[in-house]
Amino acid sequence: MAEQMEIIDIEEIMREIRAQIAERGYTKNELRFADVAVAVTEEAGDIDEYFELQNFGLTVDKMNGRRTIQCWRMLSGSKLAVLIKKVIRKLIKFYVEPIVKEQNQFNFYTTSAMAQLYAKMEEEQAIKLDEMQKRIDLLEKKCKALEEKCGE
């Protein structure tokens with residue numbers, strides 16, 4: 001039973017695809033990401049509509065508290081079931097422990113990056129608020145000066 005391999009003419013397939021593209025009138029720059037319709041749920045609308053820095057900080061705190069995972073959990077069941085589970089654990093330990101270690105490292109780096117991002121965002125928000133407050137004070141002084149100048 002010798003199977004023969006089907007010969008595929010890639011050039012012919014590419015000519016067909018190009019012909020279909022030309023038929024349909026597609027251009028290289030026709031589609032932009034903004035043009036693609038995406039279903040938006042109430043929870044996942046525009047980021048400006050649902051992002052809250054305070055909630056982000058709470059989430060980062062929760063992440064920090066749960067970033068380390070344990071390789072094994074307490075065994076339960078009958079004595080025979082616990083014995084079988086112990087044997088299975090010993091057999092797969094060489095495989096599971098390195099994966100858990102790598103996952104814990106990833107979790108550490110991810111939560112550290114998120115915490116740094118949150119701190120930077122808080123700092124930038126404080127700077128913006130300070131600048132806005134200074135601008136408000138300046139505008140209030142100008143407004144008061146104009147009111148005095150107009151005699152109100």
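What share of the contacts in the chain with a separation of 6 or more comes from residues 24 or more positions apart? In this predicted model, such residues account for 71% of those contacts. The chain is built from 4 helices and 0 strands, and two of its helices, H3 and H4, meet in a contact that you can follow residue by residue.

**The chain as a whole**
- Reading from the N terminus, you will find the elements in the order α-α-α-α.
- Of the 152 residues in the chain, 8% count as buried.

**How H3 and H4 are arranged**
- Helix H3 covers residues 53-65 and helix H4 covers residues 79-150.
- Their axes come within 10 Å and cross at roughly 155°.
- Angles over 145 degrees count as roughly antiparallel, and H3 and H4 are therefore roughly antiparallel to each other.
- The crossing of H3 past H4 is left-handed.

**Who touches whom**
- On the H3 side, the contact is made by Leu53, Phe56, Gly57, Val60, Met63 and Asn64.
- H4 brings Thr110, Thr111, Met114, Ala115, Leu117, Tyr118, Met121, Glu122 and Gln125 to the contact.

Notes
Residues are numbered from 1 along each chain as its sequence is written. This is a predicted model: local features need pLDDT of at least 70, side-chain atom pairs count only at pLDDT 80 or more; totals for chains, interfaces and linings use all residues. Side-chain values use heavy atoms; hydrogens and water are left out. Axes are lines fitted to C-alpha atoms, for helices over the stretch in contact, and angles run from 0 to 180 degrees between N-to-C directions. Angles under 35 degrees count as roughly parallel, over 145 as roughly antiparallel, 65 to 115 as roughly perpendicular and the rest as oblique. A crossing is left-handed if the near helix is turned anticlockwise from the far one by less than a right angle, and right-handed if clockwise. Contact means heavy atoms within 4.5 Å. Buried means under 20% relative accessible area, exposed over 50%, partly exposed in between (1.4 Å probe, protein chains only).
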